[in-house]
Amino acid sequence: MNRIELIVLDKINQSIENNLTNEAFSVDALCKTIGISRSQLHRILIEETGLSTTLYIRKSRLERAKILLSTTDLRISEIADAVGISSPQNFSKYFTDEFDVSPTDFRKHMSFAVVPAPTKPLSLPVPALSPQLSIAVLPFVNMSNDSEQDYFSDGITEEIINVLAQVPALNVAGRTSCFSFKNKNTDLRQIGAKLSVNHILEGSVRKSGNKLRITAQLIKVEDGFHLWSEKYDRELDDVFEIQDEIALAILKEVKVKLFGPQKEVLFKRDTRNTEAYQSYLKGLFYFNKLSGGEALFKAVAYFEEAIALEPDYAAAYTGMAGCYIHLWFFAQVPPQQSIEIAKWAIQKALALDPGNAENHVRDAHMKMWYDWDMQAAQMIFKKALSMNPNSIEGNLYHGFWGGFTGDFALAHKHVAKAVALDPLAIINQLSAAFCYWWEGNLDECLLQIEKTIQLKPYFWGGYYVKSLVLLEQFRFDELLPTIEKARQLYPSCLTICFQGIAYIFSGQLAKANEVMAELEAPPHKYPISHHDIGQFYIALGNLEKGHYHWNLALEQHDGRMLYINTFFRKAKFFKSHPQFARFFTAIEQVLRSGATID
């Protein structure tokens, strides 16, 4: 998508968002609002979403309905009306057709349930956060009566989390877990129990033009006592000082002392330009959606805007690097359009802010996933975690390093730390399952996966990892519906190829060939991963095409190639095949090069 079409799509989404409650909002009204013809509108939406304008508007209404179902107590009929569908019967039908679940069942599954204890003990216990010095920062409420300002209140919250998370003596619940309570009137004691914290910060933001009103209060979970509260009526230019004042007040109340150098690092600002800062917060807002290429490209555009206003804005380069890493790893764009930009942005961020542990984490991330330099990645992970032992991404991906290199104790240790810091982050729970999969402990992997699926039933990754286990256990009757669910939730080259492989192992070769034909048919609907499609061809018995794609995947350092020795660990005959042995040998050499550095 070119920049003009990206801007138009953003206007389309905003116009729909502003008219969700208006059932009479039509295609013509949308065209008039954004100033394009019906044919232009239809072309853009078909090319970028595969949906007609009418269906795209309906999908937007249904996505808002999902949020209302999971965050409010409104009746189904009230939600239908709130998203511009006056007939509750039609609403239920559309919702069920779109998400393969009724609104009632969706609401039932989205409520957080107490996860039952596993029937067998986990190999390594997950540590809880220290009850003495721990805090969760709940999303500040947007009081501006303008949903477009959500980015600002969310960004203020995240900035405070990021500052506090750099204090070694304080355990800070991760962003994902904190934001899971957004727009939910959950009892603070329940939140404290779920996140293993005994302090909670909550607040609100009202922004009107250049005027700001920010309120904040620190609450002791045990008895609900307000330890501290403050209201700030300031100008927008004072937003940085307000954040610092809030952070300092919290540290004072929980008896954490900072020394000179610590303060200097903690309250270092990349910019004092409020316009650049707001663009950065908008980039963060879309990056944190992690909902596919469209949101990531929006995030990139805002990070670029921030950099244009503030060329030395380190955090904006860090955000841009994160976007391109995701776009590359999930095959949203080819490596040549993402890798070099990601690496450039990482090095730029490191040069501007070498004291920020997260910049080193991103560097280690690329050393591991793309450069395949396991020794360098290990050294940088160690450096990052020495700077900030509570870095969630640092612990998470150092855990992945342990899984790849066979240091399973290290993998469990660091992933468990990430889970303890951000227990409701689905990627952390999923990674705990990967730890068991790497070590071949499939029963424990399934236990952890069921916990992950119960936590978030509509996340595709849980069903995908469960499919890995079911395939290895030859439980093909269970495999097919599981991978079909993953594909339904996240149609991509990854899930579609695995579905084809499941058909092959279930003896349904005709269906497997239909899946391959779908992938090969122009125009290609899904970006191709050479690892995924090569693996599919291998399973089909087309070794020539499988070799061709794997050769490209190896040359391009496709990150998923690092999994092939584990995925095929039971296929000893195939691993020794003259055409393919070199792939397994090459990856084994990469992983063995990462012997633990003391």
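How much accessible surface does the protein chain have, and what share of it belongs to carbon and sulfur atoms? The accessible surface comes to about 26600 Å², with 53% belonging to carbon and sulfur atoms; these areas come from the Shrake-Rupley method with a 1.4 Å probe, and for residues only the protein chains shown count as cover. The model is a predicted one, so to speak of local features takes a pLDDT of at least 70 and side-chain atom pairs count only at pLDDT 80 or more, while totals for chains, interfaces and linings use all residues. Residues are numbered from 1 along each chain as its sequence is written, and side-chain values use heavy atoms, with hydrogens and water left out.

Confidence comes next. The mean pLDDT (the predictor's confidence in each residue, from 0 to 100) of the protein chain is 84, and 89% of its residues reach 70 or more. Residues 111–131 are another matter: pLDDT stays under 50 there, and the model has 39 contacts beyond four places in sequence for this stretch, a contact being heavy atoms within 4.5 Å. Where pLDDT is low, the predicted coordinates should not be read in detail.

As for the overall fold, the protein chain has 31 helices and 6 strands. These are DSSP runs numbered from the N terminus, helices being H or I with at least four residues and strands being E with at least two. Of the 598 residues, 52% are buried (under 20% relative accessible area, with exposed meaning over 50% and partly exposed in between, for a 1.4 Å probe and protein chains only). Among contacts with a separation of 6 or more, 62% are between residues 24 or more positions apart.

On to some individual sites. I85 sits in the loop between α5 (76–82) and α6 (88–99), and counts as buried because its relative accessibility is 7%. Leaving out residues up to four places away in sequence, I85 touches E23, R61, L62, A80, N90, F91 and Y94. T21 is 64 residues from I85 along the chain, yet their C-alpha atoms are separated by 8.0 Å.

H360, in helix α17 (residues 357–369), is buried too, at 7% relative accessibility. Beyond its neighbours within four places in sequence, H360 is in contact with L350, P354, I380, K383, A384 and M387.

Aromatic rings get a rule of their own: rings of Phe, Tyr and Trp (its six-membered ring) pair if their centres lie within 6.5 Å, with planes under 30 degrees apart counting as stacked, over 60 as edge-to-face and the rest as tilted. The count by this rule is 41 aromatic pairs. Elsewhere, one aromatic cluster is formed by F459, W460, Y464, Y490, F498, W550, F567, F568, F574, F580, F583 and F584.

Backbone angles bring up two more residues. Most residues other than glycine have a negative phi. W372, not a glycine, has a positive phi of about 60 degrees, and F474 likewise has a positive phi of about 60 degrees without being a glycine. W372 lies in the loop between α17 and α18, while F474 lies in the loop between α23 and α24.

Finally, D532 belongs to helix α27 (residues 530–540) and is buried, with a relative accessible area of 2%. Its side chain makes polar contacts with the side chains of H531, at 2.8 Å, and R560, at 2.5 Å. A polar contact here is a pair of N or O atoms within 3.5 Å; within protein, one must be able to donate a hydrogen and the other to accept it, and residues adjacent in sequence count only if both atoms are side-chain atoms. Not counting residues up to four places away in sequence, D532 touches C493, L494, C497 and R560.
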